[in-house]
Amino acid sequence: GLARGVAVAVVAANAITAGRMVAGIESFRGAPWGALVAWVAVWFVHERLARAEPPSTAVTRLLDRFTAYFGALLGLMLLLGGAAGTLAAPLSEAYDRTYGENLINGDWTEGLRSSLVVMLVGAALWAWHWLHGLVRRDRLTTLWRVQVFLFGALALGLAISPRLFTL
């Protein structure tokens, strides 16, 4: 479970870097691509091993579930953060053009493309862990409710209206 959790985090980081290279935001480097391929292989092998031998004790089942929830939570946070950035980039540019002057002249589409990459990586991670595994297998358990109500609803509320939660 630990190997899968670490692999998911490293895959997400390298997928975002590789996506930024594809989007033309960063110059090409081979290291993120190599790390992405290697860590996807690490994750895939450990995922297959975990599926081939189901956890035999309650503790190992719980650790397996924690690993899946970690991947779903990481994907959800990246998805919501990318979506917020995707909305913020054009709105900020429109506001600056309408009401103010830019202190720093830059290409606003770079922020949009970067946010889209983060959103796509997050959507892929979340869909794999949540839709593929947890919705059917863990529906209405305590961990499922914590993920949906605490992390999902709170994170969505913060993404929609961050001022609502500040005093």
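Read along the sequence, this protein follows the pattern α-α-α-α-α, and its secondary structure comes to five helices and zero strands, where helices (H or I, at least four residues) and strands (E, at least two) are DSSP runs numbered from the N terminus. Please keep in mind that this is a predicted model, in which local features need pLDDT of at least 70 and side-chain atom pairs count only at pLDDT 80 or more, while totals for chains, interfaces and linings use all residues. Residues are numbered from 1 along each chain as its sequence is written, and side-chain values use heavy atoms, with hydrogens and water left out.

Let me turn to the overall packing. Of the 167 residues in the protein, 31% are buried, meaning under 20% relative accessible area with a 1.4 Å probe and protein chains only, whereas exposed means over 50% and partly exposed lies in between. If we take contacts (heavy atoms within 4.5 Å) between residues at least 6 apart in sequence, 73% of them join residues at least 24 apart.

Next, the helix pair H1 and H2. These two helices pack at an angle of about 145°, with their axes 8 Å apart; the axes are lines fitted to C-alpha atoms over the stretch in contact, and angles run from 0 to 180 degrees between N-to-C directions.

Now the core. Leucine 125 touches Val8, Ala12, Gly71, Leu74, Gly75 and Leu78, when residues up to four places away in sequence are not counted.

Finally, which aromatic pair does a search of the whole structure find? There is one, formed by tryptophan 43 and tryptophan 128, and it is edge-to-face, at 5.6 Å centre to centre with 75° between the planes. Rings of Phe, Tyr and Trp (its six-membered ring) pair if their centres lie within 6.5 Å, and planes under 30 degrees apart count as stacked, over 60 as edge-to-face and the rest as tilted. The pair links distant parts of the chain, with tryptophan 43 in helix H2 (residues 30-52) and tryptophan 128 in helix H4 (residues 108-137), 85 residues apart. Tryptophan 43 counts as buried because its relative accessibility is 15%, whereas tryptophan 128, at 37%, counts as partly exposed.
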